[in-house]
Amino acid sequence: MEDYITVSVIPEVSLDPFEMVCLYSSAFELSGGLPLGGEYSGPGVESGLFNPALAGIGTHTITYTYIN
């Protein structure tokens, strides 16, 4: 019996920069992360939505994580 090992290429994960938003803007769905199927996290992020009111005033880092 032979054993086989499958080696996969590590995907390149990227996230396009976001435009500035107003504190009083409605929550919106985050997009732009590749490959598709990853998860967004950071201040004001819940279930793939960004809510500026929850994040508060300032510049915030949104992270996109992809696990294959």
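This is a predicted model: local features need pLDDT of at least 70, side-chain atom pairs count only at pLDDT 80 or more; totals for chains, interfaces and linings use all residues.
Which pattern does the chain follow, read along the sequence?

1. Going along the sequence, you get β-β-β-β-β-β-α-β.

2. On overall shape: the radius of gyration is 17 Å, while the globule rule gives 11 Å for 68 residues, so the chain is more spread out than a compact globule. The box that the C-alpha atoms fill tells you how that looks along the principal axes: roughly 65 × 20 × 15 Å.

3. The accessible surface of the chain is about 5,800 Å², and carbon and sulfur atoms own 55% of that.

4. Contacts across the sequence are worth a glance too. Take the contacts with a separation of 6 or more: 44% of them are between residues 24 or more positions apart.

5. You'll find Ser31 in the loop that runs between strand E2 (28–29) and strand E3 (33–34). Leaving aside residues up to four places away in sequence, Ser31 touches Leu15, Phe18 and Tyr40. As for Asp16, that residue is 15 residues from Ser31 in sequence, and the C-alpha to C-alpha distance between the two is 8.3 Å.

Technical notes
Residues are numbered from 1 along each chain as its sequence is written. Side-chain values use heavy atoms; hydrogens and water are left out. Helices (H or I, at least four residues) and strands (E, at least two) are DSSP runs, numbered from the N terminus. Contact means heavy atoms within 4.5 Å. The radius of gyration is taken over C-alpha atoms; the globule rule is 2.2 Å times the number of residues to the power 0.38. Accessible areas come from the Shrake-Rupley method with a 1.4 Å probe; for residues, only the protein chains shown count as cover.
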